[in-house]
Amino acid sequence: NEYKSYLRMSDEGTTEQSPRPQRRSGSVIKILCPYYVAGAVIGKGGENIKEIKEKSEASVVVSQNNARFPGTNERVISVRGTQDSIKSCISLIQEKIRNDKPPENAKGSRSENEKRKQCCKLVVSDNTLGRIIGKAGKTVQDMKSKYEVEINTTRRSETPFGLDERAISIEGEDNKVDECVEEIIKIVCEDAYATMRFVTDYDMFFYDRRGPIYDYGYGRRGGYMRGGFGRSGYGGYYMPRGGGGGGYRGGYRGNSRRSTRSRERRSS
């Protein structure tokens, strides 16, 4: 359940466990934020994120402190609203990313962290990315030439099974990046078929050296007082394996992929 647990900044600036949010009208886009910049975006007591929400008039949700977008070390900031409010919100967040100074213990070299400031990383739905790329890549190539920027996207094969979101990075001079980002936001907002969750539980997805896999493999309920076997659950993407059999007296006896891998290592 993508709404199971997430961290939301309240209007008072405190972090709290939130119930399932109400669906509201407006387009959704997400921006990736280096984990060490998240504090500057949120601000002391949530004052910065509150100001961003008030100035842009957009709904904003910051992912949990330990949550990362799959395959990256970056937190996710979800933005929902009108085209103008989204543009304003993304611009304010990107300004924080550019002006924040990485701490001494930040992962990566100083040059890598400085280069990150020249890049804006957005997250869009898988369907919308097709519109951004265009037929035979024409739309994205036109944007590269028009704004003189580098545009890269995550491949479908790099995306964990079950996640319908793709990251797109735009790198170049600040003003050129901003102009290109505005055009991408326009495409997203004009896509009537765009469907992307406002809040996603990224803890459901993780990577290992063998590729992206889905972090669940639970068997279904077994027969009552017979220790019968439940139906197979979901296994890994690259290493498909059904869930465990149903437990005694109709209980559940599924195994997660992590625990399965641990047993494999101990037996080898």
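In what handedness of crossing does α3 pass α7? The structure examined here is a predicted model, in which local features need pLDDT of at least 70 and side-chain atom pairs count only at pLDDT 80 or more, while totals for chains, interfaces and linings use all residues. Residues are numbered from 1 along each chain as its sequence is written, and side-chain values use heavy atoms, with hydrogens and water left out.

Helix α3 passes α7 in a right-handed crossing. A crossing is left-handed if the near helix is turned anticlockwise from the far one by less than a right angle, and right-handed if clockwise. Helices (H or I, at least four residues) and strands (E, at least two) are DSSP runs, numbered from the N terminus. Two packed helices are described by the angle between their axes and the distance between the axes. For α3 (residues 83-99) and α7, the angle is about 145 degrees and the axes lie 10 Å apart. Axes are lines fitted to C-alpha atoms, for helices over the stretch in contact, and angles run from 0 to 180 degrees between N-to-C directions. On the α3 side, the contact (heavy atoms within 4.5 Å) is made by Q83, I86, K87, I90 and R98. The residues of α7 that take part include D174, V177, V181 and I185.

The strands form an open sheet of 6 with the order β4-β5-β3-β6-β8-β7 and antiparallel pairing. Two strands pair if DSSP finds at least two bridges between them. At the edges are β4 (59-62) and β7 (150-153), each of which pairs on one side only. From one strand to the next, the twist averages 25 degrees. Helix α7 (residues 174-190) packs on this sheet and touches β3 (27-34), β6 (119-125), β7 and β8; the direction of α7 makes about 155 degrees with that of β8.

Strand β3 is largely enclosed by the rest of the structure, because 8 of its 8 residues are buried. Buried means under 20% relative accessible area, exposed over 50%, and partly exposed in between (1.4 Å probe, protein chains only). In a regular strand the side chains alternate between the two faces of the sheet. Both faces of β3 are covered, with S27, I29, I31 and C33 buried on one side and V28, K30, L32 and P34 buried on the other. Antiparallel pairing joins β3 to β5 (residues 74-81) through 8 bridges, and V28 has R80 as its bridge partner in β5. The antiparallel pairing of β3 with β6 extends over 2 bridges, and I31 stands opposite L122 in β6.

T153, found in β7, has I168 as its bridge partner in β8. With a relative accessibility of 32%, T153 counts as partly exposed. Leaving aside residues up to four places away in sequence, T153 touches L129, A167 and I168.

Rings of Phe, Tyr and Trp (its six-membered ring) pair if their centres lie within 6.5 Å; planes under 30 degrees apart count as stacked, over 60 as edge-to-face and the rest as tilted. By this rule there are 2 aromatic pairs. One of them, Y35 with Y36, is edge-to-face, at 5.4 Å centre to centre and 80 degrees between the planes. Y35 is partly exposed at 25% relative accessible area, whereas Y36 is buried at 15%.
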